[in-house]
Amino acid sequence: MFTDQERFERERELVLRSPQLVGYRSELPTPGSFCTKTVMDIPVLLTRGSDGIVRAFQNVCTHRQAPVAKGCGAAERFVCPFHAWTFDNRGSFVGGPGREGFPATIAAGANLTELPAAEHSGFLWVGLRPDAGPLDIDAHLGDLGPELESWNIGNWAPVGEKVLDVPVNWKLALDTFAENYHFATVHRDTFAVFTKSNCALFDSYGQHHRLVFPMRHIGDIADQPEESWEPLNNFVVIYALFPNIVLSATVANGEVFRVYPGSKPGHSVTYHQNASPMDFSDESIRKAADDVFEYAHASVRDEDYPLAADIQRAMNSGARAEMIFGRNEPGLHHRHSVLDEALGESTGESPGI
Ligand SMILES: [Fe+2]
């Protein structure tokens, strides 16, 4: 499951054909906004048109394949830095110098390749196959859609993006988010200081799941009247969106982890983004949100992923053929069961004990 090349290639295909959550609605705040992403190595440009509609394109010039946009901002036109071929924010080729060098027929087909795109539940979504037709995110999320929308995370202020390119299978990377059994050991001096270890509420939503991790201070409310309990002040909520996205949400912080299969079974790339409900008009608040992001990122970079890389090394060696998923790790059972099912590999048995 974690080292086989043939299986890995089928998993890559599955990710390539799945709707991909790529960021927050707030990254395209107004008509004319744009942002750029890398999704499964594919450069993607997202725009919000004057009609308010979100569109996505391959961020690949139709001339010589240079990216036509970098970073994010507002622009009505995108000028390729290589030879100045120019496109509008609906992807249409609008001109370029030296037209006499090309037959007129090229101009007709020189538009950027459009990708299926959607804005749903506060997030931006793309499909990576240009001809696959519109995305049906309602069907993809099912009952989870209204719940994700209710957080309003998509309207929070984006804080940044950090990238982890690691020698870890993409599912092993995702699995580090699917149980809190490891908090007391791996995160002894970080998350375990304020959240409980090995205690979680698990619910599945079709191919997706939700884990609710209690904060340590949840016990403090036991003596207070139940009407005064504020659930969200006492939990971290982790959503695993099939097949490769993790959302981590609290009332104060929203995180997106986009985990992509890399160049081989033992390689993946994680894009980590944060969003904050706070008002950034005060610079000190912005700084505090940056610090929260760095803290959360460091725990993955310095605690979870180095351990996962050690595990991957052991698996690559072939020293041991199996691992164990406990009953206290239902997120792992669920992720691997639904993936097996999607790949047509369901054995009808739980993969764990
Ligand atoms: Fe962890």
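Predicted model: local features only at pLDDT ≥ 70, side-chain atom pairs only at ≥ 80, totals over all residues.
Let's start with the layout. Domain 1 puts 16 residues into the contact, and domain 2 puts in 23 residues.

Now the interface. Together the two domains bury about 1600 Å². Carbon and sulfur atoms carry 56% of that area. Look at the domain 1 side. Leu21, Tyr24 and Ser121 lose the most area to domain 2 there. Those three account for 36% of what that side buries.

What about polar links? Across the interface there are 13 residue pairs in polar contact, both partners at pLDDT 80 or more. Which elements does domain 1 use to touch domain 2, counting those that give two or more residues? They are β1 (20–24), β2 (33–39) and β11 (123–126). β1 gives the most, with five residues. By type, the domain 1 side divides into seven nonpolar, six polar and three charged residues.

How many salt bridges cross between domain 1 and domain 2? The rule finds one. On the side chains, arginine 25 and glutamate 149 meet in a salt bridge, at 3.6 Å from N to O.

Next, some backbone details. Most residues other than glycine have a negative phi, and most peptide bonds are trans.

Take methionine 40. Its phi is positive, near 50°, and it is not a glycine. Methionine 40 sits in the loop between β2 and β3 (42–48). Is methionine 40 buried or exposed? Its relative accessible area is 4%, and buried means under 20%, so methionine 40 is buried.

Now glutamine 65. Here too phi is positive, about 75°, in a residue that is not a glycine. Glutamine 65 lies in the loop between β4 (54–58) and β5 (72–74). Its relative accessibility is 61%, and the cut-off for exposed is over 50%, so glutamine 65 counts as exposed.

Last stop, a peptide bond. Which form does the bond from phenylalanine 242 to proline 243 take, cis or trans? It is cis, with omega near -5°. Proline 243 is in the loop between β15 (235–241) and β16 (245–250).

On the backbone, remember methionine 40, glutamine 65 and the cis bond into proline 243.

Definitions and conventions: Residues numbered from 1 in each chain as written. Heavy atoms only, no water. Contact = heavy atoms within 4.5 Å. Buried area = accessible area lost by both parts, 1.4 Å probe. Salt bridge = Lys/Arg side-chain N within 4 Å of Asp/Glu carboxyl O. Polar contact = N/O pair within 3.5 Å; in protein donor to acceptor, adjacent residues only side chain to side chain. Helix = DSSP H or I, 4+ residues; strand = E, 2+ residues; numbered from the N terminus. Nonpolar A, V, L, I, M, F, W, Y, C, P; charged D, E, K, R; others polar. Buried < 20%, exposed > 50% of the residue type's maximum accessible area, 1.4 Å probe, protein only.
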